[in-house]
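Subject: Structure handover and what I found in it

Dear colleague,

I am passing on the structure we spoke about, with the sequence alongside. Please open it first, and then read the notes below with the model in view.

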Amino acid sequence: MLCSSKAAARCLFVTLILAFATNASGDDAQAARLALLKTFRDEFVPLTPGEGQFPASFTMGADNPSGADKTPADKAAQHEGPAHKVSIAHRFAVARYEVPQNLWEAVMDNNPSRWKGKRNSVEMVNYDDALDFCRRATTAMRRAQLIGNDEVVRLPSEAEWEYAARAGSTGRYSFGDDAEKLGDYGWFHGNAAGNDPPVGAKKANNWKLYDVHGYLWEWCSDRWHDSYAGAPADGSAWAAGDDGRRVLRGGSWKDPADRLTSTSRRGADATLRDDAVGLRCVLAREEASGSGDRLMESRPLYRRQPPTPNGGLRPSASRISARSRWQQHGPITTIDRSAGTASGLSFGRIYLVSHPASHLPMPSRAA
């Protein structure tokens with residue numbers, strides 16, 4: 001009987017030690033996630049149109065090329081016009097970098113990226129994934145008192161994106177018209193092979209925003225239109241049109257130099273997931289949003305769950321070892337959405353479930 005009591009005591013002792021270790025590990029994970037959210041908040045660059053170095057208006061787009069002898073670049077640019085004046089009256093802040101994978105994983109509890117790396121830009125995210133990240137980041141940062149209850153993390157409108165990317169410039173690129181200098185500012189088809197960089201490895205534009213030329217195409221909140229005829233002139237998102245088609249800006253590591261200009265744009269199915277597509281966020285007051293409808297909309301499944309012990313984010317999944325992303329292969333293609341293993345992220349009493357997509361086969365690294 002005495003021996004049995006000693007065994008039970010030892011069992012209880014071991015259980016308590018394991019519980020303590022688990023809680024300590026959870027606290028460490030929580031602290032790491034809070035640190036990432038703080039870094040994310042600190043990396044927003046405030047823009048104040050009409051004040052200081054920030055113009056109240058700018059010329060958006062470029063006049064369409066004319067003539068029957070259009071080059072492939074001219075045909076791509078036919079959606080960039082007509083050039084038109086946009087005036088922005090609201091203040092907003094733009095993330096210095098595209099969303100990196102460690103931040104995405106801290107907020108979403110998954111990492112859909114094809115090319116893994118903590119500070120690499122997250123990719124393989126469709127439009128709804130991007131909206132979901134923004135909504136969850138807003139919730140987490142409000143709970144941590146990193147932003148006000150009237151502030152929201154969201155996608156930029158297309159006008160906000162170009163205003164920020166231009167950084168007061170009027171040339172083809174934020175640094176001027178000379179495409180020979182592009183390699184100093186962005187990752188594109190001409191320099192990406194064999195590289196696997198973190199965000200911010202190239203030079204920034206004049207407002208200290210990185211990778212606005214290349215690396216990844218970035219989602220904007222606007223619905224896609226073939227031209228700017230009838231586009232809003234106040235910096236807000238174009239909310240009318242086909243909800244299934246959205247705007248991508250900036251070009252990517254897969255594209256030639258002429259697709260990385262400040263005016264370059266393309267339409268894509270909102271369901272597109274590709275390793276050349278990611279996102280950059282905006283922080284703004286909710287009532288002064290330029291992001292149009294579906295600002296905070298997403299399509300999670302909701303289930304009531306008890307809060308986590310310390311009310312924060314759940315520990316993230318282990319990482320897969322990184323491999324090089326930079327290699328040459330074909331243009332962006334639409335990737336069919338497929339059901340994946342559900343993963344959760346708990347914010348207090350709401351349990352959010354997302355469905356990551358299946359990945360493409362991993363190609364070999366280019367020389």
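How many helices and strands make up the secondary structure of the protein chain? There are five helices and 13 strands, and please keep in mind throughout that this is a predicted model. Of the 367 residues of the protein chain, 51% count as buried, and the accessible surface comes to about 16,400 Å², with carbon and sulfur atoms accounting for 53% of that surface. Among contacts between residues at least 6 apart in sequence, 76% join residues at least 24 apart.

The sheet and the helix across it

Four strands make an open sheet, arranged in the order β1-β4-β10-β5 with antiparallel pairing. Its edges are β1 (44-47) and β5 (151-154), each of which pairs on one side only, and neighbouring strands are turned against each other by 25° on average, direction ignored. Within this sheet, β4 (residues 92-95) and β10 (residues 282-285) run antiparallel and are joined by two bridges, and the bridge partner of V94 in β10 is V282.

Helix α5 (residues 158-166) lies across β1, β4, β5 and β10, and runs at about 70° to β4.

In soluble globular proteins, nonpolar side chains tend to be buried together. Here the largest nonpolar core has 34 residues, and F40, F133, W219, L279 and C281 are those with the most contacts inside it. The elements that give two or more residues to this core are α1 (2-42), β4, α3 (101-108), α4 (127-143) and β6 (217-223), and α4 gives the most, with eight residues. Leaving aside residues up to four places away in sequence, F133 touches F40, V99, L103, W104, V107, M108, L279 and C281. A second, separate core has 26 residues, among them V86, V212, V282 and A284.

At what angle do α3 and α4 pack? The angle is about 70°, with the axes 9 Å apart, and the two helices are therefore roughly perpendicular to each other. On the α3 side the residues that meet α4 are L103, W104, V107 and M108, and on the α4 side their counterparts are D129, A130, D132, F133, R136 and A137.

A strand with two faces

Which residues of β2 (residues 57-60) lie on its covered face, and which on its uncovered one? F58 and M60 form the covered face, whereas S57 and T59 form the uncovered one. β2 pairs with β3 (residues 84-87) in the antiparallel sense over four bridges, and F58 stands opposite V86 in β3. V86 is also one of the residues of the second core.

With best wishes

Note on methods. Residues are numbered from 1 along each chain as its sequence is written. This is a predicted model: local features need pLDDT of at least 70, side-chain atom pairs count only at pLDDT 80 or more; totals for chains, interfaces and linings use all residues. Side-chain values use heavy atoms; hydrogens and water are left out. Two strands pair if DSSP finds at least two bridges between them. Axes are lines fitted to C-alpha atoms, for helices over the stretch in contact, and angles run from 0 to 180 degrees between N-to-C directions. Contact means heavy atoms within 4.5 Å. A nonpolar core is a set of buried Ala, Val, Leu, Ile, Met, Phe, Trp, Tyr and Cys residues joined through side-chain atoms within 4.5 Å. Buried means under 20% relative accessible area, exposed over 50%, partly exposed in between (1.4 Å probe, protein chains only). Accessible areas come from the Shrake-Rupley method with a 1.4 Å probe; for residues, only the protein chains shown count as cover. Angles under 35 degrees count as roughly parallel, over 145 as roughly antiparallel, 65 to 115 as roughly perpendicular and the rest as oblique.
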